[in-house]
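Have the model open and follow along.

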Amino acid sequence: MYSGAAAAAAGPPRRDFISVTLGPEEAVGVGGYNNSKAWRRRSCWRKWKQLSRLQRSVILFLFAFLAVCGVISYTSMGEAWKSITNKSLDEQRTEQEIPGLKLANPAVLPAPQKADANHGDYPELSLQKPPKPPHVRRGPSNLQIKAPRRDVRLKTRHDTIRAVEELVEADKVEKTEKSIISWRGAVIEPDQSTEPPSSKIKEPEKPSSVEAEDQKEPVPINERQLAVIEAFRHAWKGYKDFAWGHDELKPLSKSYSEWFGLGLTLIDALDTMWILGLKEEFEEARKWVANDLVFDKNVDVNLFESTIRILGGLLSTYHLSGDSLFLEKAKDIGNRLMPAFKTPSKIPYSDVNIGRGTAHPPRWTSDSTVAEVTSIQLEFRELSRLTGDEKFQKAVDEVMKHVHTLSGKNDGLVPMFINTNSGQFTHLGVYTLGARADSYYEYLLKQWIQGGKKENELLEDYMRAIEGVKKHLLQRSEPKKLTFVGELAHGHFSAKMDHLVCFLPGTLALGAHNGLAADHMKLAEALIETCYQMYAQVETGLSPEIVHFNLHAQKGHRDVEIKPADRHNLLRPETVESLFYMYRFTGDKKYQDWGWEILQNFNRYTRVPTGGYTSINNVQNPSNPEPRDKMESFFLGETLKYMFLLFSDDIDLINLDKYVFNTEAHPLPIWVPA
């Protein structure tokens, strides 16, 4: 039972209420909300306490992550800036210690002022905060510099840009160190910079700009060069009088011979006339090219010969003269030669019908010679660079890449033949640096130089081949112990050396000039002595096509022996070519003297009074050298050109840091990185 006494004992009824206690300054009417720091602090704390534990953890993690990133970025940026400052100070010290020192690639912008010069006028450069992590680029940190105050912005602009450029250059050096090639004593670093090793060559659209630079303040022509000009004019007179517009002069019969019917001698001689300064003769030849040179003919041409003589000659003349006529003709013949590459293996056929657009191998075989398919690259690559059409370079590059992978080589030495169907070497076991293989080795080096020293496969193949030459083909003769390059056939050494092999001393010297092993130059010096002796030990003072060296001393015998079938002379250029390189790189005037002897002997035994020069059948008979009644186009295109350059003391007359010669002596520009 529920009684009144029990109710009284329970007390008064319960009331619900909320109690709020206010300080005096917080009470309404005493001041209210006043936005004080203490009030805001308590308010933020209440909001923080209202967040869940997960939300508070996420926020704390983000703050910690940002703090760590800030510390790391500050450290790396500080080190980068410190290295730049130290580098700048080192450069200034070097300039003070060695006033005449010039950097290999000087900056385009002016160098920064010395540290103590007008120091008060230059504010310190401060680093900006690094960008937020999602936008940071991979790789080394970028140095970002705040803009200076408006009143000093112009003064500090050059210093700021220079600092950034130095950091970028340091990064480039670090990257290119990985590309260094070491080959038995030769350490080569491919050019990776955006500046050429010497001075810039012209843009393709303005080919004459380099020549304007090269030919300013010309060195006076000397007496020996004048003798070369006279010899050229005498040869040109015979060609103009009896063979104008035809391939080759027959000076004795005062007629001509045709090979392709494309004016080979005229085209081969175009850049020679330009270099010799024969403007009147050049203009006459140009008119013939403009009005009479037509490639739309039903005629078979040899891919290799038409490439090195016609395409190479037109491209070279375009670069020297700046006349677009020659480039247009080069495009025409280049396109007409392309059907040669339509083979199962991409190894080109030897012959092309430039009118019908068909190609085929020789009638007696499906092979091409290794030298011919690997010595058209300089010309087709340059044609692609000038036209922007990559098909030319792609075709010849595929050939080199394919040959690079082939088996059948002997320490870098290649056989003489390659099959156009299978793409494999044939006639294995025979190795020579003479006919059918010679210019393969030459073009390995020259393509590497042409492309800016970046194509490492070409350099590797060249260096390996030279080691193969040393190992298998080098011998010394008796009694003068001349170093010569023989041949290897199925393991048997032959002391036979073609005059064509005399390209090698010049090529070795060119490689040494471009940073290859110093012993290449030593070998070049020994071999050019041998090539000279191939002239000096012969009765007419002219070299035969082929010589055999004595390996054992025999009383009354010279080092050089000549067989009756080999004693002809075709007015070849290879020895004079190497003499030119040797003189250009060493300055030793004996090379000029040797060349002068050769020119005099050409005049004595091969000059035809009515005009022209002729090949001879017998270099051992001064009284009757048996003239052959033929003047090869390369006598004007190569031999006399190299003679003229050999006798010149002007290193800028076809500067070898700007140009590389094709195997027909047509200079093409070394590419400048874009």
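Which residues does K331 touch, not counting residues up to four places away in sequence? K331 touches L383 and T387, where a contact means heavy atoms within 4.5 Å. You will find K331 in helix α10 (residues 324-337); helices (H or I, at least four residues) and strands (E, at least two) are DSSP runs, numbered from the N terminus. With a relative accessible area of 27%, K331 is partly exposed; buried means under 20% relative accessible area, exposed over 50%, and partly exposed in between (1.4 Å probe, protein chains only). K331 and L314 are 17 residues apart in sequence and 9.4 Å apart in space, C-alpha to C-alpha.

A word on what you are looking at: this is a predicted model, in which local features need pLDDT of at least 70 and side-chain atom pairs count only at pLDDT 80 or more, while totals for chains, interfaces and linings use all residues. Residues are numbered from 1 along each chain as its sequence is written, and side-chain values use heavy atoms, leaving out hydrogens and water.

Now look at E664, in the loop between β19 (659-661) and β20 (667-669). E664 is buried, with a relative accessible area of 3%. Leaving aside neighbours within four places in sequence, its contacts are D268, I308, R309, S633, F634, G637 and E638.

Beyond its neighbours within four places in sequence, L433 is in contact with residues including L413, Y441, V469 and F503.

Stepping back, the protein has 20 helices and 20 strands. Of its 674 residues, 49% are buried. Among contacts between residues at least 6 apart in sequence, 68% join residues at least 24 apart.

How far can you trust the details? The mean pLDDT (the predictor's confidence in each residue, from 0 to 100) is 81, and 72% of the residues reach 70 or more. Over residues 1-15 the pLDDT is below 50, and this stretch has one contact in the model beyond near neighbours in sequence. Residues 87-206 also have pLDDT below 50, with 134 contacts beyond near neighbours in sequence. Where pLDDT is low, the predicted coordinates should not be read in detail.
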